[in-house]
Amino acid sequence: MERTFLMVKPDAVQRGLMGDIVSRFEKKGLKLIAMRFMLIPKAKAEEHYGEHKGKKFYDPLISYITSGPVLAMVWEGEDAVSVCRNMMGKTNPKESAPGTVRGDYGMQTGRNIIHGSDSPASAEREISIFFEPEDIVVYARTADQWVYE
Ligand code: DAT
Ligand code: MG
């Protein structure tokens with residue numbers, strides 16, 4: 001099983017979309033194993049988005065992601081990283097397919113609703129920024145026998 005880091009960004013929290021977004025991943029069959037509603041300290045935001053430092057959108061990106069509470073989560077499932085990226089849609093919501101989170105709710109790249117890890121290695125790095133190992137909830141989910149053959 002693979003793990004991925006997802007985060008409902010401040011715009012989506014303010015717009016009341018948290019429940020819907022969590023519900024989509026839950027109904028898909030992914031398993032929630034950690035969740036934290038939080039304000040991101042600036043240093044953590046800079047660590048999370050380190051790969052974008054120096055780009056022209058970096059400063060606005062840090063301001064945006066620290067502008068209000070976010071819902072940070074870890075989800076687990078078969079190929080969880082790519083499954084979640086597909087459900088999120090393209091980075092620019094104007095180009096994201098309808099039916100995806102960004103395609104259904106976003107209008108601009110700078111307000112694109114959700115973050116998701118782009119590889120298993122990124123997921124591991126990002127999870128460790130937002131969660132301690134003991135925050136991960138290990139449990140058996142009885143529905144898994146109906147999600148996987
Ligand atoms: P993604 O979030 O789809 O993984 P990314 O890692 O390339 O995309 O960029 C991280 C975030 O930075 C993205 O969600 C929104 C912002 N961003 C990326 N490219 C941008 C651009 N050209 N203009 C404004 N914001 C941008
Ligand atoms: Mg990315």
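**Figure 1. Residue classes in the lining of the largest pocket.** In this predicted model, the lining of the largest pocket comprises eight charged, eight polar and six nonpolar residues. The lining is formed by 22 residues. Lys9, Tyr49, His52, Leu61 and Thr91 are the lining residues that lie nearest the centre of the pocket. The space within the largest pocket amounts to about 450 Å³.

**Figure 2. Helices and a strand that contribute to the pocket lining.** Two or more lining residues of the largest pocket come from each of helix 4 (58–65), helix 5 (80–88), strand 4 (114–116) and helix 7 (120–130). Among the elements, helix 4 gives the most to this lining, namely three residues.

**Figure 3. The surroundings of ligand 1.** Ligand 1 takes up the space of the largest pocket. The residues around ligand 1 are Lys9, Tyr49, His52, Phe57, Leu61, Arg85, Thr91, Arg102, Thr109 and Asn112. Sorted by class, this shell holds four polar, three nonpolar and three charged residues.

**Figure 4. Polar side chains beside oxygen atoms of ligand 1.** The side chain of Thr91 places a polar atom 2.6 Å from an oxygen atom of ligand 1. For Asn112, an N or O atom of the side chain is 2.8 Å from an oxygen atom of the ligand. In the side chain of Arg102, an N or O atom is 3.0 Å from an oxygen atom of ligand 1. Ligand 1 taken alone exposes 520 Å², and the protein buries 74% of that area.

Key
Residues numbered from 1 in each chain as written. Chains lettered and ligands numbered in written order. Predicted model: local features only at pLDDT ≥ 70, side-chain atom pairs only at ≥ 80, totals over all residues. Heavy atoms only, no water. Near = heavy atom within 4 Å. Polar contact = N/O pair within 3.5 Å; in protein donor to acceptor, adjacent residues only side chain to side chain. Areas by Shrake-Rupley, 256 points an atom, 1.4 Å probe, with all protein chains shown as cover. 1 Å grid on protein atoms, 1.4 Å probe; cavity = no way out; pocket = protein on both sides within 12 Å on 5 of 7 lines; lining within 4 Å. Sits in = over half its atoms within 2 Å of the grid points. Nonpolar A, V, L, I, M, F, W, Y, C, P; charged D, E, K, R; others polar. Points joined across faces, edges and corners; volume = space filled by probe spheres on them. Helix = DSSP H or I, 4+ residues; strand = E, 2+ residues; numbered from the N terminus.
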